[in-house]
Amino acid sequence: MEISKKAREAIEDIINRRAKIASMQEQLKEDVKAVAEHLDIKPGKLNKIIGLVEKERQSGEVVEEERDTLDTVESLVGERE
């Protein structure tokens, strides 16, 4: 297969953008770790919080749905002694 100069440049551009994305993802991971450490929580919990905030901003009612889910769990478990 012969690749034109334009196609080669497009492929190189994609490769470069993917490398930038990977670098940004790694930096985000480190940032989450640092903030989680500052808040004295696990990074996974912070990621869940961030995810819920993002969903709430996009569509709304996510917090209320999560609250309803937790209320249901609490009623199924019952009060703790």
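A salt bridge is taken here as a side-chain nitrogen of Lys or Arg within 4 Å of a carboxyl oxygen of Asp or Glu. By this criterion, the structure, which is a predicted model, holds 3 salt bridges.

Two of these pairs can be described along helix α1. Glu9 is joined to Lys5 by a salt bridge in which the closest N and O atoms are 4.0 Å apart. Glu9 and Lys5 are 4 residues apart in helix α1, so about one helical turn separates them. Lys5 has a relative accessibility of 64% and therefore counts as exposed, the cut-off for this class being over 50%. Glu9, with a relative accessible area of 47%, is partly exposed. A salt bridge also links the side chains of Arg17 and Asp13, with an N to O distance of 3.1 Å. Arg17 and Asp13 likewise stand 4 residues apart in helix α1, a separation of about one helical turn. Arg17 is partly exposed at a relative accessible area of 45%, and Asp13 is partly exposed at 38%.

A further salt bridge is formed by the side chains of Glu64 and Arg67, at 3.5 Å from N to O. Both residues belong to helix α3, where they lie 3 residues apart, about one turn of the helix. Glu64 has a relative accessible area of 41% and is partly exposed; Arg67, at 45%, is partly exposed as well. The spacing of such pairs follows from helix geometry: an α-helix has 3.6 residues a turn, so residues three or four places apart point the same way.

Helix α3 covers residues 62-77, a run of 16 residues. From its first C-alpha to its last, helix α3 reaches 23 Å, close to the 22 Å expected at 1.5 Å a residue.

Asp40 has a phi near 60 degrees and is found in the loop between α1 (5-39) and α2 (43-59). With a relative accessible area of 71%, Asp40 is exposed. Glu61, which is not a glycine, has a positive phi of about 65 degrees. Glu61 lies in the loop between α2 and α3 and is exposed, with a relative accessible area of 59%.

Glu61 is also part of a patch of negative charge on the surface, where it gathers with Glu65, Glu66, Asp68, Asp71 and Glu74. Within this group, Asp71 lies in helix α3. The relative accessibility of Asp71 is 44%, so Asp71 counts as partly exposed.

A surface patch of another kind, nonpolar and of about 460 Å², is made by Met1, Ile3, Ile11 and Ile15. Of these residues, Ile11 is found in helix α1. Ile11 has a relative accessible area of 39% and is partly exposed.

Definitions and conventions: Residues numbered from 1 in each chain as written. Predicted model: local features only at pLDDT ≥ 70, side-chain atom pairs only at ≥ 80, totals over all residues. Heavy atoms only, no water. Helix = DSSP H or I, 4+ residues; strand = E, 2+ residues; numbered from the N terminus. Expected span 1.5 Å × (residues − 1). Patch = residues over 30% accessible without salt bridge, like charges linked within 9 Å, V, L, I, M, F, W, Y side chains within 5 Å. Areas by Shrake-Rupley, 256 points an atom, 1.4 Å probe, with all protein chains shown as cover. Lys, Arg positive; Asp, Glu negative; His and termini not counted. Charge placed at Lys NZ, Arg CZ, Asp CG, Glu CD. Buried < 20%, exposed > 50% of the residue type's maximum accessible area, 1.4 Å probe, protein only.
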